[in-house]
Structure formats: structure tokens, C-alpha cells
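Please read these numbered points with the structure open beside you, and check each place named as you come to it.

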Amino acid sequence: MGRVAKIARRTFLGLGVAAAGGLAVGYYMYKRPYSNPLEEDLPAEEAAFTPYIRIGKESGITIIAPRAEMGQGIHTTLAALVAEELDVGMDQIKVEHGLPGKAYYNQAMFNQVAAFPWFDDGLKATATREMMRVMSKFIAMQATGGSSSTIDGYEKMRRAGAAAREVLKAAAAKRWNVDVSKLETEAGKVIHPDGRTLEYTELATDAAKLEIPSSVELRSSLDWKILGKPQRRVDIRKMVTGAPIFGIDVQLPDMIYGTVRMSPRMGAKAVKFDDAPALAIKGVRKVVQIDTAVGSGFGIIADNTWAAFQGAKALEVEWGEAPYPADDAGIETLYRDALARAPDWIRDEAGDVDKAFADAEPATVVEAEYEVPFLAHATMEPMSATAQFRDGKLTIWTGTQMPGVDAQVAAKFLGIETEDVTVHVTRLGGSFGRRAGDPALYAAALAPAAEGRPVKVTWSREEDMQHGFYRPRALAKLRAIVQPGKSPETIDVSIAAPSVMAGLFGRFAPETPLPAEDEQTLEGMAGQPNVWANSRFAAHNMKTAIQVGLLRSVGGSYNGFFHEGFMDELAEKAGLDPIDMRISMMSAAEHRPARLVMEKLRDVSNWGRALPPGHGKGVGFTLSYGSWVGEVVEVAVTDGDIRIVKVWCVADPGHVLDPAIYSDQMMSGIIFGLSTAMGQAITFEDGRVQQENFYDFDAIRMAQCPEIEVHLLENSPRIGGAGECGVPPSIPALANAIHAVTGKRLRKTPFNLAVSFA
């Protein structure tokens, strides 16, 4: 490591974070920046400007994207944030995923834990968000999720680019002996007033010897050259040429292969087993017992993946009984028992709900029960990770949303220090919340048996689908008071669901104390932009050994359906237009972005105009992850089957950094949501998941895919997310459209239990 790296070590900025008070030592620790991970093994000819930028005379300009690329285009958008302020073209840069490092902690993800509506800017809400901001710094989790990547990077990566630009200008000013204020930049060059230029790559080593400014001014969005415009994705060439960029592509010298066969009953272990049939398979080398907080079972090591799969099938095992009811009927009983108990916690309580219902005429009370099943992630790229354990140190290659968690769980399992684990992050072939912990843990579990050789551990599709952590099954009871011709003013909601956070931390950090209230349980239900005179949203914690966790849009994926399906019922009962009723209830000043979304949606979807016979439209709206999204679905009945004709989507994320990528994410979310609504469910029999593969856990097919039209607005005062926000409104909009044309009110997914789809 040369002098450049030593000087650059002290240069990472505080990047504009706010203080939260407390003891001086705590404040100092909070303000003190983490070390720059780019300085480790930095080539002598390169300089590292903050953890996000590396520049070398020969290697050019490299921008580090600290979030996982799993198809959402985040590497392009995060690089664009830096490039805009650094003043370089997107064709002048390379983009790499950052190594695991505390400097890449995700601050925005922690803000989501604050239990306040997105539009609440009151003192208590603001103070709580600041507290979460400070906590995120100390926990320092590098994570991709919660549609938080652009929210988190929006200022910090622009500040990194601006700071690097200014220090490069300072280096040029010193070389030319001119006032730095006289210099300009453009396309990766510093420009002298007389027209002379110096490339950034020529100035990098000189600039690295200077102090990076602690304060920089960001460019106005009116001056943006890159942000706000569609950009070609930085990895498109690798994608279309089939470059080996995924975890499953990893090939290393002297590699061997493995797979796992875990207990099909979660929480149960093997009662007895015989590994002789597995070892008799040609190519199978070893069978290893595995017992972790994630699951118990066996690892099979072989000369190739096919042999490992065959060995897993041949293994003779008698598994113990599941610590939960064996089938769906028994599991449903647990949910109804939970709803019968007093709620564990309540959100958005206003007025006097009990008195309102006591005084209401029975004919004005509307009641409904909504339900959704467990869901699997079903990623296209199979779960896999490669690990090599040699000389007490572990190296992992995998596609992961949380490389730090992977390192921690693997280190804990092997009894080594986290610092002795290196994680190389590859591109992810789909994740939706699935890729963290499990693959790396099981690869680490098999690595010691590989005797120093790298072992690639691949799960079969069946093994993954039957041992994932699932989107929780949920059951809701809703009631409201509706007067004819008037918007409803009273609502009472009870939701029973397992805690996603308890499931997540139970798998990877069971020693972590958890709050009793998991905001995910009411996400997409409480905190919506509606004014109620009397309201109560109650959560009933469900406890089960069936593992649950994060899946795209999480609580919003079912609460959006519950909320907006019920709102459609209330509009019908009141005799009101569904969009007009929603707009009338979004009356608060802070609900303005929601009103504008619904008005735009009404216009672009030609809402209210006569439809051809056999056609119907439905609407849904959900504020999730900081973006306000409304959708209209049009369906047609064809020979008794439902065909989805078109979807209109209007979204407001505050700032649209790349309209093409953001629209793609809305479309992707809509397809994901429609897939879950039409036919997906994880069910249980004999304590085991019944589904195995795409043939019995299908997604919407190309021929079924509707035309999707996306419109983007920028009225929200803060930047919102993208990856998950298109999912929640799509499901109720489809249900409401089916009701409009068939009269069937669908309150349970998947909808193919009640209708068939063309």
C-alpha cells in the first residue's frame, strides 16, 4: 500500500449526517467516519476518494455501488448519483460492488423502523427518525432491501462525487498555480480559464495528498445532466453476452461441489438416518451433518453437483415431528385463536371506535374477513454459495443482500472471528429478500469437510422452495360504518400475522433484543393517507416455528390488498365512485401527493368511461417505502376465464432519478403482485411444504401479461423507493376489477381458488 492510500485513509467524509445529542463520547463515536475499505490492497497507481470512488492513471474511474444488483438497476442509479457531481459521463466509469464494510451501512433502512406515517413531520416523528439514524451508524449493517438504496444514497453518494471533484480541482489549481475558484470541470477533466485541461486520472495521485473538503455544495436538480434522464444500464453488455456474473457462475481451481438436504419439518431434526445409499452414488465423497439456527439436516459433498443431488435423494432419513400443526386447517386455527386474543399493539387510534359502533345502525356496518397464504421467493437463479476454509480463514463467493450478515453467521458457525471471513459479492439472479445468510451458512458448514478446497454448494429448486423463510400468512378482520352517499368515517381492523423481524433475527441473530411491535405487521394498512374520525388498527402476534421473513413489499403485499379491497366494498356500500371516495378521504394537507396521484390515475385510465361488455376496472392505492402509487387494472371475461387487459400505474417517489429504471421497477412490481394474486400459495401437509417447483408455484406467463402504462409524478417532498412499491396496489386493483365484471368479491388469495385466468 503506497503513500496515496495512507493519506486517503483519513479522507472519508462525515457526509452531512446530523447529530442526535447524548454523551460527548457517543457523539464523537457517531461523527467519526468508518475506515475506507477501498484502501485495503489499493494498487499503488490508484487513489481512493471516499469509499465510493477509485481513480487511477491506468485503471480509470471506478465507482463503488454498495448495494446488491439483482435486476433493479441500482448499480446504474447509484453510479449516476456520483457521476453527476463528479462531472463524468456514464461511459467514462466502471462500477463495482463494494467489499463488506461498515462504511457502506444503510441508514435509510433503519428509518423505516420508526413507527410513523411517511408524511408525519411532527416533532416526535422527526426525533424518532433521528434516533434511528444514529442507531444505524452504530449497527452499521450493509444491506440491500426495503426499497432504501436510492433513499440512502441520494445525498451521501452525490456528496462523495462533489467532494472528489473539488479536491481534483484543488490539485489542478496547485499544479497550475491558479485560484481554484477560476477552474471548471467537464467530462472527467479540470479546465483552466485559458482552455488547458487535465484529466482526473492525471491528477488522482496528487489529489489524494490533499484534504478532501468537509463541506461541499450540491448541484441544483435544474443543472443535472445525468440524473432525471434514462441511462443505459452499466451491466447490460455482461447481461446480454452471458458473462459469468452470478453466484452460480463461480468456478475456482480444484473446486468440488455440494448440496444440502434439510429437515422438511421446520424445527425438527433427524430421528435416524443411513448415509450408505448416498455414499454408494458414484461421485459422492462425504455426507456431513448440519445443525444450525436455520435448520437441521445433511450436506453432501461430491465431484459434481449432479452427483451431490443424487446423493441427497438417496440418503435415508426419518425426520422428527413438526412443532406446529401438520396441515393448513390446523395452522388456520392458530390464526383465529390469535385474533380472539387482545391485540398486542395498536396504531393510528383516533376518536372512539367502540362508541361509534355501539351507536351505529346495524344496516350501516360493513364487516369482512380477508386472508393470504405463505409465499415463497422462487428466485430464478438457484440458491448457491461457494466457500473455501483454509488456515483458519474463510472466503465466500455468493450473491447476497447482506454480506456482513453472511460473514457473521459463517464466522459464528465455524468459531472464528468475523474479520477472518471475506465475502465476494456477485450479481443476484433474483432475490426479493431471500438471499442473506442461508447459502453462505451452509457453504461454510460444508467447507471444513472439503479439506481446503473450494466447495460450491447449490440447492435444488425443491430443497429451496420447501425450506425458505416465507412471506407470512395473514388473516384480517375489518369493519366500518358507512352512510349512503358519504365517505366512511369509522374503521376497526385486526390483523393476525407472525413477526417478520422476529423471524429474521431469530435465524441470524437470536441474541438480539427485539421490540414487541413489528411495524411490518401493519405496513400498508396503518399510516395510509386517509382521514378517519374513528380508527383503530390492531396487530395480533402469531407465533409459529414456520419460518417467515422479508419478501418483496413485505406487509404491504397483504395489507395493501386488505385495505384497498375493503375500501372498494365501502365505496360500493356508500354508492360512491371508488376513486372519488378515496380522494375525498385524502383531505389533509400532507396527503396532497396522494390526491394528485389519484387524479392523474383517473385521467390516464379514462376512469368512468363506458367499457365494452364483459370488461371491468378496479383501483388500488398504497403508500409504501416512501412512494405514493395508484393502479387501475382492466380485465375482460373470455369464455368464462378472466384475462387481464391493461394496467395503468401512477407513482410519485418525490424525485425520479432515472425514469426508465423507475418505470421498469413499477412494471416488475406489478407483474410480481399479479403473480402472487393469481395463483401462488405455500401450503402444508404432514408438517411439510407441499410445493416443489415452478410447476406448482407458478408466476404470470408472457401470454397472460397485460399492457402496462406508467406515469411518474414528483410532488412528494422526500425521495421514495422503487423496488417494492408497485406490488401492493396491483393485487386489490385486480380483485376489484374482477368484482366489477363478475360481481364476485375476492377476499382471499390466490384468486384462482375462485376464478380461472386465461
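**Notes on the chain and its domains**

1. D492 is found in strand β20, residues 490-498; helices (H or I, at least four residues) and strands (E, at least two) are DSSP runs numbered from the N terminus. The side chains of D492 and R536 are joined by a polar contact of 3.1 Å, a polar contact being a pair of N or O atoms within 3.5 Å, of which, within protein, one must be able to donate a hydrogen and the other to accept it, while residues adjacent in sequence count only if both atoms are side-chain atoms. Not counting residues up to four places away in sequence, D492 touches V353, F357, K477, L478, R479 and R536, contact meaning heavy atoms within 4.5 Å.

2. A word on the basis of these values. This is a predicted model, in which local features need pLDDT of at least 70 and side-chain atom pairs count only at pLDDT 80 or more, whereas totals for chains, interfaces and linings use all residues. Residues are numbered from 1 along each chain as its sequence is written, and side-chain values use heavy atoms, with hydrogens and water left out.

3. The chain is divided into domain 1 (1-27), domain 2 (33-106 + 141-227), domain 3 (247-321 + 383-458) and domain 4 (328-375 + 470-753), with bounds that come from an automatic or database domain assignment. The C-alpha centres of domain 3 and domain 4 lie 37 Å apart, and 15 residues of domain 3 are in contact with 18 residues of domain 4.

4. How much area do domain 3 and domain 4 bury between them? The value is about 1300 Å², 56% of it on carbon and sulfur atoms, where buried area is the accessible area (1.4 Å probe) that two parts lose on being put together, summed over both. Of the area that domain 3 buries against domain 4, R265, M266 and F432 supply 44%, more than any other three residues.

5. Between domain 3 and domain 4 the count is two salt bridges, each defined as a side-chain nitrogen of Lys or Arg within 4 Å of a carboxyl oxygen of Asp or Glu. R507 forms a salt bridge with D438, and the closest N and O atoms are 2.3 Å apart. On the side of domain 3 that touches domain 4, helix α13 (residues 403-414) gives the most, with three residues.

6. G433 lies in the loop between β17 (421-425) and α14 (438-446), and G433 is buried because its relative accessible area is 17%. Leaving aside its neighbours within four places in sequence, G433 is in contact with H377, Q401, F469 and L550. The C-alpha atoms of G433 and G549 are separated by 7.8 Å, although these residues are 116 residues apart along the chain.

7. V689 lies in strand β26, residues 688-689, and V689 is buried, with a relative accessible area of 4%. Among the residues that V689 touches, beyond those up to four places away in sequence, are M266, M465 and Y470.

8. Two backbone details deserve a look. T50, in the loop between β1 (46-49) and β2 (53-56), has a phi near 65°, a positive value in a residue other than glycine. The peptide bond from T749 to P750 is cis, with omega near 0°.

Notes
Buried < 20%, exposed > 50% of the residue type's maximum accessible area, 1.4 Å probe, protein only.
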